[in-house]
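Trainee: Please take a close look at one part of this model, the charged and aromatic side-chain contacts. Which residues take part, and how are they placed?

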Amino acid sequence: MSPASRMGVAVSAPPERVSAALPRPDDLGAWFCEHADVSPAEKRYDFWGRHTPGAPTRDGGRHALDVYDAPRALAFLWPLRGGASRAAYTVTPSGEGSLLELHHALPRGRSVREGAIADFWAGSLERLKAWLEKGTRGFLPDYGSPASIAPVLSAATTMPVLPS
């Protein structure tokens with residue numbers, strides 16, 4: 001049996017709105033990835049860029065859409081660290097909002113803790129919640145090369161310290 005990351009988040013939005021934010025590129029850019037190109041008709045769930053683990057290029061960010069049953073479920077296949085994985089969202093009504101659950105079956109031989117994929121998903125789901133409830137974009141991690149953040153680190157170390 002493959003290891004898996006499982007988690008969920010309650011969202012104060014109807015299931016139709018939560019489900020709509022999963023395949024829509026403009027929504028995905030607010031909470032999940034830098035670039036997205038999704039087509040349920042073509043069974044494509046592509047995402048890539050610096051906010052995706054491994055910072056894949058467009059070609060490296062191609063993913064097959066495995067299940068699309070709006071507003072209940074969406075699943076895609078994600079080649080991750082040299083192995084096959086599958087991420088599946090389930091949306092159910094909960095009170096006046098929704099419960100979004102995620103199940104990510106990782107490649108065989110991989111650990112749930114390896115590469116902090118659980119941290120990636122926890123942050124993603126919290127950003128989705130903030131996007132849907134408040135319309136705010138959260139901080140998206142940058143998985144790009146360390147060189148891309150060198151100017152920021154350099155500026156931070158040369159800033160003067162103000163007296164207290």
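Mentor: What follows goes through the salt bridges and then the aromatic rings. The model is predicted, and its salt bridges number 14. One of them joins the side chains of Arg17 and Asp27, with N and O 3.0 Å apart. Arg17 belongs to helix H1 (residues 15-20) and Asp27 to helix H2 (residues 25-31), so this bridge ties together parts ten residues apart in sequence. Arg17 is partly exposed, at a relative accessible area of 27%, whereas Asp27 has 4% and is buried.

A network of salt bridges links Asp37, Glu42, Arg44, Asp46, Arg58, Asp59 and Arg62. Between Arg44 and Glu42, the closest N and O atoms of the salt bridge are 2.1 Å apart. Glu42 is exposed, with a relative accessibility of 56%. Between Arg62 and Asp46, the closest N and O atoms are 3.9 Å apart, and the pair still counts as a salt bridge because the cut-off is 4 Å. Asp46 sits in strand E3 (44-48), while Arg62 is in the loop between strand E3 and strand E4 (65-69), so the bridge ties together parts 16 residues apart in sequence. Asp46 is buried, with 2% relative accessibility, and Arg62 is partly exposed, with a relative accessible area of 44%.

The aromatic pairs in the structure number 16. In one of them, the ring centres of Tyr45 and Phe47 are 6.0 Å apart and the planes stand at 75 degrees, so the arrangement is edge-to-face. Tyr45 is buried, with a relative accessible area of 0%, and Phe47 is buried with 1%. Another pair is Phe120 with Trp121, whose ring centres lie 5.1 Å apart with planes at 65 degrees, so this pair is edge-to-face too. Phe120 counts as buried at 4% relative accessibility, and Trp121 is buried with a relative accessible area of 0%.

Definitions and conventions:
Residues numbered from 1 in each chain as written. Predicted model: local features only at pLDDT ≥ 70, side-chain atom pairs only at ≥ 80, totals over all residues. Heavy atoms only, no water. Helix = DSSP H or I, 4+ residues; strand = E, 2+ residues; numbered from the N terminus. Buried < 20%, exposed > 50% of the residue type's maximum accessible area, 1.4 Å probe, protein only. Phe/Tyr/Trp six-rings, centres within 6.5 Å; stacked < 30°, edge-to-face > 60°.
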